Every structure is written in structure tokens, then in C-alpha cells.
Amino acid sequence: MKDTTLLSMLMNLPAHWQMSEVVPNLYDGSILLKMTYPRTTDYSCPQCSKRPKICGYEHRTVEHTEQLMHYKTLMSFEVPKIYCQEHGDVSFELFS
Ligand SMILES: [Zn+2]
């Protein structure tokens with residue numbers, strides 16, 4: 001079993017998220033999990049359910065609430081930036 005498969009199972013990640021790489025940093029005591037969100041996923045505006053336009057992607061790194069074996073757990077991913085004609089820039093729940 002690959003390390004990314006095992007960690008995805010242990011962290012109970014939603015099925016549409018894929019872990020592409022695990023990067024341990026022994027010097028600062030962290031583990032970086034590089035995540036991929038499928039670009040083919042249909043996005044909808046949370047307010048009107050229309051399909052807004054994807055106007056780009058924003059790179060984010062967040063700290064997970066749980067540590068992995070006493071290492072700080074960081075997750076990096078590209079977040080779609082979406083724009084609804086009626087509601088402007090909108091965000092959606094990435095981990096639902
Ligand atoms: Zn909308």
C-alpha cells in the first residue's frame with residue numbers, strides 16, 4: 001500500500017480528494033500533504049445552485065487539526081476561484 005493511500009484512509013478524507021505526495025520535514029517537525037482536487041468536478045454556487053465560471057485557482061496551505069505522530073500536519077492544494085454572475089466571487093466547502 002502506498003503511503004498516500006494509507007494516510008488518506010487514516011485521515012478519512014472525502015473520496016474526491018486525492019493525496020498526491022507526502023513530504024516530511026524533520027527539521028521543523030511537519031509533514032506536508034500535497035492534495036489534488038479533481039478539476040473535472042462540477043461546482044455550483046452555494047446560494048443559487050447555478051454553475052458559476054471557474055476563473056482560476058488559488059494555492060493554499062492549511063494546518064490540519066490533527067497531528068501525525070507528533071508532527072504538525074500541513075495540507076496544500078489548489079482551490080478553484082469561482083464567480084457567479086448573480087453573487088460575484090463565491091467560495092464553497094472544500095471538504096464536504
Ligand atoms: Zn449564485
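The protein chain has an average pLDDT of 81, and 90% of its residues score at least 70.

**Confidence by element**

- Among the elements of the protein chain, β2 has the highest mean pLDDT, at 90.
- The lowest mean among these elements belongs to α1, at 80.
- Where pLDDT is low, the predicted coordinates should not be read in detail.

**The β1–β2 hairpin**

- Strands β1 and β2 form a hairpin, with four residues lying between them.
- The turn includes G29, whose phi is positive at about 70°.
- In a regular strand, side chains alternate between the two faces of the sheet.

**The nonpolar core**

- The largest nonpolar core consists of five residues: M19, L33, M35, M75 and F77.
- At least two residues of this core come from β2, and at least two from β4 (72–84).
- Nonpolar side chains tend to be buried together in soluble globular proteins.
- Beyond its neighbours within four places in sequence, M19 is in contact with T4, L7, S8, L33 and M35.
- Two of those contacts, L33 and M35, are also listed with M19 in the core.

**Helix α1 and the residue after it**

- Helix α1 spans residues 3–10 and has eight residues, of which zero are buried, so the helix lies largely in the open.
- An α-helix has 3.6 residues a turn, so residues three or four places apart point the same way.
- N12 follows α1 and has a positive phi, near 55°.

**S49 in the β2–β3 loop**

- S49 is located in the loop between β2 and β3.
- Because 8 C-beta neighbours lie inside 10 Å, S49 counts as exposed; the limit for that class is 12 or fewer.
- Although S49 is not a glycine, its phi is positive, at about 65°.
- Most residues other than glycine have a negative phi.

**V62 in strand β3**

- V62 is part of strand β3, which covers residues 53–63.
- V62 counts as partly exposed because 13 C-beta neighbours are found inside 10 Å.
- The C-alpha atoms of V62 and L33 are 10.0 Å apart, and the two residues are separated by 29 residues in sequence.
- L33 is one of the residues of the largest nonpolar core.

Definitions and conventions: Residues are numbered from 1 along each chain as its sequence is written. A residue is buried if 20 or more other C-beta atoms lie within 10 Å of its own, exposed if 12 or fewer, and partly exposed in between; C-beta atoms are placed from the backbone. Two strands pair if DSSP finds at least two bridges between them. A nonpolar core is a set of buried Ala, Val, Leu, Ile, Met, Phe, Trp, Tyr and Cys residues joined through C-beta atoms within 7 Å. Two residues are in contact if their C-beta atoms, placed from the backbone, lie within 7 Å. pLDDT is the predictor's confidence in each residue, from 0 to 100.
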